[in-house]
Amino acid sequence: MYIKAVCKPNQHSDAVNTALAKDNMDFNTATEKAKSFTKTPTNDEFLEFYGLYKQATVGDNTTAEPGTLDLKGKAKWAAWSKHKGLSQDAAKAAYIATYEKYAPKYA
């Protein structure tokens, strides 16, 4: 037996999609502007950006933790893992806020 579900279109879906597209555009703009900083952020600041970027674009870190001799990989892994459970949209908003916090210092 085949049951076909009939759903009414969500009246708010266009508004939500527009808002999400705006958030994505703002996130993409922030990432591009952060890449073009005229000064180099500190390692801790870079890791703050990195962790939020990975959480925003990939989601929770499910990769294996790098070995103890891979200090750079371990730091990046920890920066990403710190945001486990944060939604991708919340991570994008946090990335934008982080960009706005550091832009006056590095732009």
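Just after helix 2, Gly-59 adopts a positive phi of about 105 degrees; helices (H or I, at least four residues) are DSSP runs, numbered from the N terminus. The model is predicted, so local features need pLDDT of at least 70 and side-chain atom pairs count only at pLDDT 80 or more, while totals for chains, interfaces and linings use all residues. Residues are numbered from 1 along each chain as its sequence is written, and side-chain values use heavy atoms, with hydrogens and water left out.

The protein chain contains 4 helices and 0 strands, the latter being DSSP runs of E with at least two residues. Along the sequence the pattern reads α-α-α-α. Of the 107 residues, 28% count as buried, a class defined by under 20% relative accessible area (1.4 Å probe, protein chains only).

Helix 2 covers residues 43-57. Its 15 residues should span 21 Å at 1.5 Å a residue, and this agrees with its end C-alpha atoms, which are 21 Å apart; the expected span is 1.5 Å times one less than the number of residues. The buried residues of helix 2 are Glu-45, Leu-47, Phe-49, Tyr-50, Gly-51, Leu-52, Gln-55 and Ala-56.

Leaving aside residues up to four places away in sequence, Leu-52 touches His-83, Leu-86, Ala-91, Ala-94, Tyr-95 and Thr-98, where contact means heavy atoms within 4.5 Å. Leu-52 and Tyr-95 lie 43 residues apart in sequence, yet their C-alpha atoms are 5.7 Å apart in space. Thr-98 belongs to helix 4 (residues 88-106) and is buried, with a relative accessible area of 7%.

A pocket is an open set of points on a 1 Å grid over the protein atoms alone, where a 1.4 Å probe fits, with protein on both sides within 12 Å along at least five of seven lines; lining residues have an atom within 4 Å of a point. The volume of the largest pocket is about 250 Å³, taken as the space filled by probe spheres set on the points, which are joined across faces, edges and corners. Its lining includes Phe-46, Phe-49, Tyr-50, Tyr-53 and Tyr-95.

Terms used: Buried means under 20% relative accessible area, exposed over 50%, partly exposed in between (1.4 Å probe, protein chains only).
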